[in-house]
Structure formats: C-alpha cells, structure tokens
Amino acid sequence: MSNSSSPQHRESFLPFSPPNITDKEIEEVIDTLQSSWITTGPKTREFERVFADYIGTSEALALNSCTAGLHIALAALGIGPGDEVITTPMTFCSSVNVIEHVGAKPVLVDIDPETLTIDPALVEQAITPRTCVILPVHYAGHPAELDPLIDLAARHSLYLIEDAAHALPAAYRGRRIGSIGHFTAFSFYATKNLTTAEGGMLTGSHPAFDMARVLSLHGMSRDAWNRYSAEGSWYYEVIAPGFKYNMTDIQAALGVAQLSRLGKMQARRLEIVEKYHAEFSKIDALQVPVVQPHVEHAWHLYVLRLNLDALLINRAQFIEELTARNIGSSVHFIPVHLHPYYRDKYGWKPDNFPVTYHEYQRVVSLPLNSVMTDEDVTDVIEAVKDIVITHRR
Ligand SMILES: *Cc1c(COP(=O)(O)O)cnc(C)c1O
C-alpha cells in the first residue's frame, strides 16, 4: 500500500476489462501466421463449426464484428425504408445504427426495471402495420424475456433478431442464446467474454442465412477460400452489393483457443459475482443485479445500481471516487435517445423512456473479468464499501 492517507488505495490501476490471453491463444495465432492462409479460410470454418456446436445451432457465420452481424441480418431479411424495428434505448449505439444503415426506422420502447431488458408489454403496444423486426438486447448477459417476444413475432409475422453481444454463454429456459431467434449476433470485441480482438458471429436458422453469408463478403456467390484453394474454382458471381465483413483466420485462431477456455473463464466470472453479491447485497445504498430463475446469466457485466437517496454523491462522483482508489469502471449505457443524432432526428426527450433514464443515472459497471485475482476483487469490494461509508447521507 503506497498511499498511507487512504488504506483502500491500490498501488496500480485495476483496468475495467483486460483480455484473458494465454499461451494457447498465442500458439494458435502463430500456427495460423506460419500456415499458407491468413484471411478467411480453414481456421474461420473451424471456428464457425465449433461455435455452432457449442451453441447447439446449425449455422454460424464468423464476421469482423457484432455490428456487422446485426446489419447483414437486417439486410438479408430485406428490411429497409418504410419498415420499423422495435428495440431498446438501453444499449450500445450500434444496435440502433444498423437500423439507420438499412434505411428503416428505429422504434424505441422502455425497459423492465428489474433486468433492464426490453419490456415485452411495451413492445406489443408499439407494433404497427410497418413493424418488421423485434431486436432485443441481452443486457449485461441477462437474456431478454423471450417467450412473449417470440409469441408477438409469431402473431404479427415479425422477425426476431437478438443482440447477444453480452450473452455468450447465456440460456433462456434451458436453450442457449443463439439457438432461439431468427438471427442472433455475438461480439468478440476486446472487452467481451470471448475475444478475437475485433470480431463477431451470426447464428440463425432462417432461410435468409445464405443471403447473410453472401452479403458478408461483397455479395459474391463464392468466398475466396473456395476460389483459391485446390478444390476451388476461379469463377464467382456478384448477386448483391454486399459488404466487407469477413473474419480473418488470425482472429479465428484466437477464437478457437478462447472457446476451448470459455467454461473456465466463465467459472471465474461467476466466483467474482458471488463475492460481489455476498458483500454488496448487505449494503442498503446499493442494489445488486437481478437474475431471473429461468435464465442462465452470461455475466458479461456486473452492473451495480446506486440508491441515490441514501448517498450524498451522484453516479459521476461515485466513479471519480472509484478512479481515485485506482479502480476502473464504466457506464452501460448512455441511452440511445440521449445521443444528439437520435435525440434531434426523432425529437426524443430524456423522459420519453423514463425507466431507462432513471436507471441510467444510477448504474455503474464494476470490473468483472476472468483475469482478476482474489486480491483485485477484495480491492473493488473495499473501495466500494469505503465510498459508501464516506458518502452516506
Ligand atoms: C459491444 C456491443 C456491440 C457491438 O459489438 P462489435 O463487435 O464491437 O460490433 C453491440 N451491442 C452491444 C450491446 C454491445 O455491448
């Protein structure tokens, strides 16, 4: 302890979400670099196959991001101008940006105050003759309430496209996320539970999956591996103006190694969550995350909620206090409707989505990752306790 005036002060900064990379990942990447193929090829196909098996689904398409997956899911289903897509404001901007990319209209509805996922009753109220898609986000790794959404999709002939950026591995009523909706997009961004530095995976069983595959690589009827390998052919046809969204074999090498270690990494996340929960649930100025009994939580994020009435400081000051104690943290998310582009285009006011706005002001995401030591976890707990004691109303 370097700072005698503050016993809770760590010597070094605890990063919010560093990657968990071992010799296994390094060896896999070197192996690919020393092979004769480094972009989309045999390693990517292998990653897709093991990922699909892991989820329990037939189709998996490796991409350079989750955003790309959401975009081509919408595009492959022919969603465009005049169509409406219902989603949540409590998400990362890319869930909604992709709706703008295809020229459709995002229709936001508020969230459930317990799980912070989209409220199915409000989805039902928002359905119009122009609605084509429901796009739930499995916030923090807690699955959205899917049964009523599946029911609404069936009754109104809508597509269900899930943003599962946080939801590997999560399950809803015993079924893995990624095996339920028409399309599901996962993220392998550097901070996510499984990382390929940048990357994503699209799963699904809809017939339009083939079109998503074509759109992911320039709209070509055949990918490069199929053209340049021994059994391939030089001939291809462009059947749509597609995108450049393919994953490289270097990324897939990371993914294969990470997936083989996912169970172990998740077990560590769960241990940390249990330690946090045991301490924080005793403190009335704090509200710990809720887990519904019928889901398996992926624990991408540990989102603590501050009972602001019990504190003399606000969330921003709480984060400053964490930073002063060398603890990294984050906020998930600045709601979509507060960002200038969306606020100005659709005339949204903060209180248009009152649950989202209220919860936004009191959420703080604590470090939760599989490289944290027991000492790191204790440092976070002690720092939070110290802040609450110091600033209790
Ligand atoms: C990280 C994230 C994304 C985007 O993932 P990329 O792989 O970076 O495109 C989308 N939605 C949510 C909720 C996310 O947290």
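This is a predicted model: local features need pLDDT of at least 70, side-chain atom pairs count only at pLDDT 80 or more; totals for chains, interfaces and linings use all residues.
His332 and Phe333 are joined by a cis peptide bond, with omega at about 0°. As for the side chain, the structure holds 16 aromatic pairs, and one that I would like to show you brings together the rings of Tyr139 and Phe333, whose centres are 6.3 Å apart and whose planes stand at 75°, so this pair is edge-to-face. The two partners come from distant parts of the chain, 194 residues apart, with Tyr139 in the loop between strand S4 (131–135) and helix H6 (146–156), and Phe333 in the loop between helix H10 (315–324) and helix H11 (340–346).

There is another cis peptide bond to point out, and this one joins Leu168 and Pro169, with omega at about -5°. Pro169 has its place in the loop between strand S5 (159–163) and strand S6 (171–172). While we are on the backbone, Trp299 has a phi near 50°, which is a positive value in a residue other than glycine, and Trp299 too belongs to a loop, namely the one between strand S11 (295–296) and strand S12 (302–306).

Now to the ligand, which sits in the largest pocket. Two helices, H3 (66–76) and H4 (94–101), are the elements that give two or more residues to the shell around the ligand. Altogether 16 residues surround the ligand, and the closest are Thr67, Asp163, His166, Ser187 and Lys192. Sorted by class, that shell has 6 nonpolar, 8 polar and 2 charged residues.

Which individual contacts might you look for on the screen? For Thr67, an N or O atom in the side chain is 2.5 Å from an oxygen atom of the ligand, while for His166 a polar side-chain atom lies 2.6 Å from a ligand oxygen atom. As for how far the ligand is covered, taken alone it exposes 380 Å², and the protein buries 92% of that.

Key: Residues are numbered from 1 along each chain as its sequence is written. Side-chain values use heavy atoms; hydrogens and water are left out. A residue is near a molecule or strand if one of its heavy atoms lies within 4 Å of it. A polar contact is a pair of N or O atoms within 3.5 Å; within protein, one must be able to donate a hydrogen and the other to accept it, and residues adjacent in sequence count only if both atoms are side-chain atoms. Accessible areas come from the Shrake-Rupley method with a 1.4 Å probe; for residues, only the protein chains shown count as cover. On a 1 Å grid over the protein atoms alone, a cavity is a set of points where a 1.4 Å probe fits but cannot get out, and a pocket is an open set with protein on both sides within 12 Å along at least five of seven lines; lining residues have an atom within 4 Å of a point. A molecule sits in a cavity or pocket if more than half of its atoms lie within 2 Å of its grid points. Helices (H or I, at least four residues) and strands (E, at least two) are DSSP runs, numbered from the N terminus. Ala, Val, Leu, Ile, Met, Phe, Trp, Tyr, Cys and Pro count as nonpolar, Asp, Glu, Lys and Arg as charged, and the others, Gly among them, as polar. Rings of Phe, Tyr and Trp (its six-membered ring) pair if their centres lie within 6.5 Å; planes under 30 degrees apart count as stacked, over 60 as edge-to-face and the rest as tilted.
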